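Subject: A structure to look at

Hi,

Here is the structure I promised to pass on.

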Amino acid sequence: MGKLVALVLLGVGLALVGEMFLAFRERMSASREVEPVEPENCRLIEELENGSEDIDILPSGLAFISSGLKYPGLPNFAPDEPGKIFLMDLNEQNPRAQALEISGGFDKELFNPHGISIFIDKDHTVYLYVVNHPHMKSTVEIFKFEEQQRSLVYLKTIKHELLKSVNDIVVLGPEQFYATRDHYFTNSFLSLFEMILDLRWTYVLFYSPREVKVVAKGFCSANGITVSADQKYVYVADVAAKNIHIMEKHDNWDLTQLKVIQLGTLVDNLTVDPATGDILAGCHPNPMKLLIYNPEDPPGSEVLRIQNVLSEKPRVSTVYANNGSVLQGTSVASVYRGKILIGTVFHKTLYCEL
């Protein structure tokens with residue numbers, strides 16, 4: 001009798017796991033393909049072959065690009081090369097990317113850059129904050145940008161017990177930033193199981209030298225984060241839930257959710273068009289192809305523009321879509337004066353004039 005009960009319980013358990021996995025495949029848009037939307041005047045950036053996971057652009061048109069991310073479960077075409085930060089001047093007629101030299105005693109061999117954010121101080125000094133994963137842990141590195149030398153000077157590393165599985169960051173003051181945690185578990189197997197079970201244990205935290213606290217929680221996988229031009233609102237992508245959370249920022253740095261915009265595709269990094277205030281979202285239309293990579297059937301790419309973000313009916317349009325023949329695994333898109341840079345987790349980078 002005991003064996004029979006055990007077999008029944010095992011069967012029920014397997015059935016439940018199977019049902020959860022099918023639901024997970026559905027959430028991951030396993031079978032979704034995209035209709036191509038491709039601007040005419042586009043070209044790939046030759047110097048960027050190993051990803052451009054995040055991009056942030058100065059008002060002057062200088063674009064910082066993080067490249068070479070090694071992330072558990074995702075492809076990487078240069079596993080033995082350390083990550084780099086590249087710079088592009090989008091004012092040039094044919095902009096090219098150059099890797100920035102890093103000085104100041106930083107361990108470049110362990111550099112594994114993820115999300116990035118620029119901060120311009122009152123004296124116009126430019127700082128670059130970078131989410132880093134040395135030994136697959138999470139830190140935030142602070143660099144000063146030397147424009148004349150086109151280089152970065154390492155200043156310090158920020159560590160904290162709440163800074164785990166950090167994905168992206170947006171800096172709003174000197175050593176004051178919001179950061180997203182994309183997985184509760186740091187073990188790659190448990191983090192996958194976490195997504196299959198649809199656990200909503202990830203969060204957004206606020207960091208400052210005086211205070212570190214969780215300011216928003218209940219995300220399946222908090223991913224990209226950015227701020228509105230007036231810094232009144234914070235936008236958070238929940239990649240597995242296929243949506244963007246619009247949050248109001250308070251004087252004490254707490255966040256209150258105002259609305260959620262459902263997009264029907266997995267949303268990665270977010271940027272804001274400085275000319276219009278629109279959100280640009282790098283998206284994964286068929287992310288199962290990222291998790292189970294096949295070069296003969298690669299993951300596609302998708303970039304969405306969300307207009308009238310605070311209205312009752314935001315307008316969503318497709319800026320770029322490709323089935324993977326040109327660009328695979330888009331993670332970010334950023335614009336500057338009618339030009340757009342589209343980055344990927346591990347693949348190439350596309351530059352278009354709109």
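A bit of background before we start. This is a predicted model, so local features need pLDDT of at least 70 and side-chain atom pairs count only at pLDDT 80 or more, while totals for chains, interfaces and linings use all residues. Residues are numbered from 1 along each chain as its sequence is written, and side-chain values use heavy atoms, with hydrogens and water left out.

Cysteines

How many disulfides does a search of the whole structure find? It finds one, where a disulfide is a pair of cysteine sulfur atoms within 2.5 Å. The two partners are cysteine 42 and cysteine 352, with 2.0 Å from S to S. The torsion about their S-S bond is about 110°, so this disulfide is right-handed. It links distant parts of the chain: cysteine 42 is in strand 1 (residues 42–44) and cysteine 352 is in strand 25 (residues 350–353), 310 residues apart. (Strands here are DSSP runs of E, at least two residues, and helices are runs of H or I, at least four residues; both are numbered from the N terminus.)

Are these two cysteines buried or exposed? Cysteine 42 counts as partly exposed, at 26% relative accessibility, whereas cysteine 352 is buried at 0%. For those words, buried means under 20% relative accessible area, exposed means over 50%, and partly exposed is in between (1.4 Å probe, protein chains only).

Start with the four strands in the order 2-3-4-5, an open sheet with antiparallel pairing. (Two strands pair if DSSP finds at least two bridges between them.) Strand 2 (54–57) and strand 5 (97–99) are at the edges with a single partner strand each, so one side of each is left without a neighbour in the sheet. From one strand to the next, the twist averages 25°; the axes behind such angles are lines fitted to C-alpha atoms (for helices, over the stretch in contact), and angles run from 0 to 180 degrees between N-to-C directions. Strand 2 runs antiparallel to strand 3 (residues 62–67), and four bridges join them. Look for isoleucine 55, whose bridge partner in strand 3 is isoleucine 65.

Now find the open sheet of four strands in the order 15-16-17-18, where the pairing is antiparallel. Its edge strands are strand 15 (222–227) and strand 18 (255–262), each pairing on one side only. Neighbouring strands are turned by 25° against each other on average, direction ignored. Strand 16 (residues 233–238) pairs with strand 17 (residues 243–249) over six bridges, in the antiparallel sense. There, valine 234 stands opposite methionine 247 in strand 17.

Threonine 318

Last stop: threonine 318, in strand 22 (residues 315–322). With a relative accessible area of 37%, threonine 318 is partly exposed. Leaving out residues up to four places away in sequence, threonine 318 touches Val37, Val303 and Leu304, where contact means heavy atoms within 4.5 Å. Its C-alpha atom is separated by 11 Å from that of leucine 263, 55 residues apart along the chain.
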